[in-house]
Amino acid sequence: MSPIVKLNNVSKSFGSLHVLQGVSFDVAAGSVVAIIGRSGSGKSTALRCINGLEKINSGEITVCNHHLHHDVTRAQLRALHLDVGIVFQSYNLFPHLTVGQNIMLAPRWVRKQSKPEAREHAAEVLRKVGLAEKFDAYPEQLSGGQQQRVAIARSLAMEPKLMLFDEVTSALDPELTGEVLKVMESLARDGMTMVLVTHEMAFARGVADKIVFMHQGRVWEEGGGEMLSAPQTPELRQFVGNGL
Amino acid sequence: MLTTFQMQALLTAAVWTAGLSLIAFVLGGAVGLLIAVMRVSANRVLRGIAFTYIQIVQGTPLLVMMMLAFFGLSILGFDLAPFTAASFAMVIYSSAYFGEIWRGGILAVPKTQWEAAECLALHPVQRFWLVIIPQGLRISTPPTVGFMVQIVKNTSLASVIGVAELTYTSKLINNSTFQPFIIFSVVAVLYFCMCYPLAWWSRKLEDKLNVAHR
Amino acid sequence: MTYTFDFSFLAEYWPQLLKGLAQTAQLSLLSIIFGFLLGTLLAIGRTAQSKLLRRVCAIYVEAIRNTPLLVQMFMIYFGLASVGFKLSAEFCAVLAIVINVSSYTCEIMRAGIESVRKGQREASDCLGLTWLQSLFLVVLPPATERVYPALVSQFILIMLATSLVSQISAEELTSTAARIDSMTFRSFEIYTVVALIYIGLAFVFRLGFWALSRLVFPRLRRLGTPL
């Protein structure tokens, strides 16, 4: 089966800072890939590049048959965003809209769904993340964990082929991360293709089909969950040692 | 184009505009501080008086206040030159706005400052005048300077009661030359030269304050 | 002091004052609506990608904000007439006020737009919304809600500023007052009455804008907290 995401020798720099230096890895359809690494290793940037939020300087990224180079157009990006959902560390819910309106916004204006159709669909994805009763609440009335689950539901409502998660539990209190991880786990079970940047080693080991360890803007090591127990490089050994 | 004589007349008028602005700022500021303090006082009556004063002044057009000052003061038996009446109206006008601006600044001083001052055993009046007021005024420096732009521009309304400031003089000149674009452009530039530095300064102060609070 | 106050002229002239009041209200609302629209457009220009567009909008705003409305009004009314455009005083009045107000609205709305975090824009991009959709659905609504109190203060100032149009002989409350004054010579009394009418109108406007905020910002209506 051909990969749904393919990074080929991708480089990206901010001024003189080389954040990505020839990164390559694949994501198979229906699989879960976790990107781990120290902060500053380029893992979040790699994820943002997959979604076109950051433009790459060289190399090539293929995502759901969309090709991203250094000079990607606005129209190409929009087409990409129809297939790829992303959940941010800081939720980025729209504060002036209710939970339901947040979720229905894109389906109505982008997918041109009718209001009842969008409403029904929104209620369904909200049920999926366990927040059916919060349809009419405003974001500020929810806990961080609940807001993050709404953000996941908002992405799901667009029925993406691929979902990206950018350190989605980092801003949450420890007791709230569990509910978010549980939602992500069930998504993985349903066969959603997911790429996540995370600090939750146990979760990565348990759910991911493949783990990519990034260090200094490069893919340092990749493999299955077992790689965390038997690191090949001193850098991963040190990282795992600190992390676990 | 303008004759030398007309140019001289405009520059003299600009001095009157600047003078009226200065009076409005200094005296209006003094009254405004009193209003601000009354507005945050613990005494309900004082608070109510200041609140009503602000509501009335901020609900009346300055143009109408100019008229009231001009005709009203003469009724009271003061035979006033237009300039005095205009100064009176400007002082009332600016005091209400300064009062509101500085009230905002005083309220923006964190509660912990009150507590800290209390723990240093300062008398309530001392806490207010030594700790809170200086900080409050400092927080409101950018909008204060910004409001000075409004003062300068609004002195143009003194023209309606015959004060020979910039706008009045420009109208006179226009009546004899009928070159409105030229004369009013020149006057606009003169106002701009007085206002823009203030606006620029206000923005700088704001940036500085934002950096300090980050 | 031997002056006796005499408000008896009111009996004869109150219909004229009412008409002036209606004209002032109409002039104000027109100026507010068009000023807000133009100002928002300028604010979008002021926060646009194009450096040239940002520059042009900034120069416009600074030029307008640092010169008196009265001078702007004279320039438009007398100036346009001098080059052959015979426009009504009322039209020139609205034009001058709209131009003036738009520059203030621009700065207020710009602050609102800049208060919307970058992540909001990113999130709507990632949901596939177009630039225009995300501007109108995601950026402008919370931006407007956040700066609404400042906008209302500005709108009240506009209402008061419409009194200036009496200086180019457009019809409204203050010019009505001047006319009654010239017939009755009860200057202080008539301007006191007019001041009271303005204070009342300012109060009504405040109330109206408060009600409007509850109507157009459902979040505010439900939660009552600032955004």
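**Chains C and A**

I started with where chain C meets chain A: 27 residues of chain C are in contact with 28 residues of chain A. I kept in mind throughout that this is a predicted model. The area buried between chain C and chain A comes to about 2300 Å², and carbon and sulfur atoms give 61% of that. I then asked which residues of chain C lose the most area to chain A. They are Cys126(C), Leu127(C) and Leu137(C), and together they make up 27% of what the chain C side buries.

Next I looked for charge pairs here. The rule finds 2 salt bridges across the interface of chain C and chain A. I noted down the side chains of Glu140(A) and Arg219(C), which meet in a salt bridge at 2.6 Å, N to O.

**Chains B and C**

Chain B puts 38 residues into the contact, and chain C puts in 36 residues. I get about 3200 Å² buried between chain B and chain C, with 76% of it from carbon and sulfur atoms.

How many salt bridges does the rule find across the interface of chain B and chain C? It finds 1 salt bridge. I tracked the pair down: the side chains of Arg203(B) and Glu62(C) meet at 3.0 Å, N to O. Arg203(B) lies in helix α9 (residues 180–212) of chain B and Glu62(C) in helix α2 (residues 51–65) of chain C, so this pair joins two chains. For the whole model, I wrote down a count of 19 salt bridges over all chains.

I also checked chain A against chain B. No contact joins chain A and chain B, and their closest C-alpha atoms lie 20 Å apart.

**Chain B, overall**

I turned to chain B by itself. Its secondary structure comes to 9 helices and 0 strands, and from the N terminus on I read the elements as α-α-α-α-α-α-α-α-α. For its dimensions, I have the C-alpha atoms of chain B in a box of roughly 70 × 45 × 20 Å along the principal axes.

**Helix α1 of chain B and its partners**

I have their crossing as left-handed.

I listed who makes this contact. From α1(B) there are Val31(B), Ile35(B), Met38(B) and Arg39(B). From α2(B) there are Leu46(B), Arg47(B), Ile49(B), Ala50(B), Phe51(B), Tyr53(B) and Ile54(B). By class, I count 9 nonpolar, no polar and 2 charged residues in the contact of α1(B) with α2(B).

The crossing of α1(B) and α4(B) is right-handed. The contact of α1(B) with α4(B) has 17 nonpolar, 7 polar and 3 charged residues.

**Chain C, and one residue in it**

Back to chain C. I find 9 helices and 0 strands, and the elements of chain C run α-α-α-α-α-α-α-α-α from the N terminus on. Its C-alpha trace spans about 75 × 50 × 30 Å along its principal axes.

I finished on Ile197(C). Where is it found? Ile197(C) is in helix α8 (residues 187–216) of chain C. I left aside its neighbours within four places in sequence and asked what Ile197(C) is in contact with. The answer is Leu21(C) and Leu173(C). I looked up the spacing to Leu173(C) too: Ile197(C) and Leu173(C) are 24 residues apart along the chain, and their C-alpha atoms are separated by 9.0 Å.

Technical notes. Residues are numbered from 1 along each chain as its sequence is written. Chains are lettered from A and ligands numbered from 1 in the order in which they are written. This is a predicted model: local features need pLDDT of at least 70, side-chain atom pairs count only at pLDDT 80 or more; totals for chains, interfaces and linings use all residues. Side-chain values use heavy atoms; hydrogens and water are left out. A crossing is left-handed if the near helix is turned anticlockwise from the far one by less than a right angle, and right-handed if clockwise. Helices (H or I, at least four residues) and strands (E, at least two) are DSSP runs, numbered from the N terminus. Contact means heavy atoms within 4.5 Å. Ala, Val, Leu, Ile, Met, Phe, Trp, Tyr, Cys and Pro count as nonpolar, Asp, Glu, Lys and Arg as charged, and the others, Gly among them, as polar. Buried area is the accessible area (1.4 Å probe) that two parts lose on being put together, summed over both. A salt bridge is a side-chain nitrogen of Lys or Arg within 4 Å of a carboxyl oxygen of Asp or Glu.
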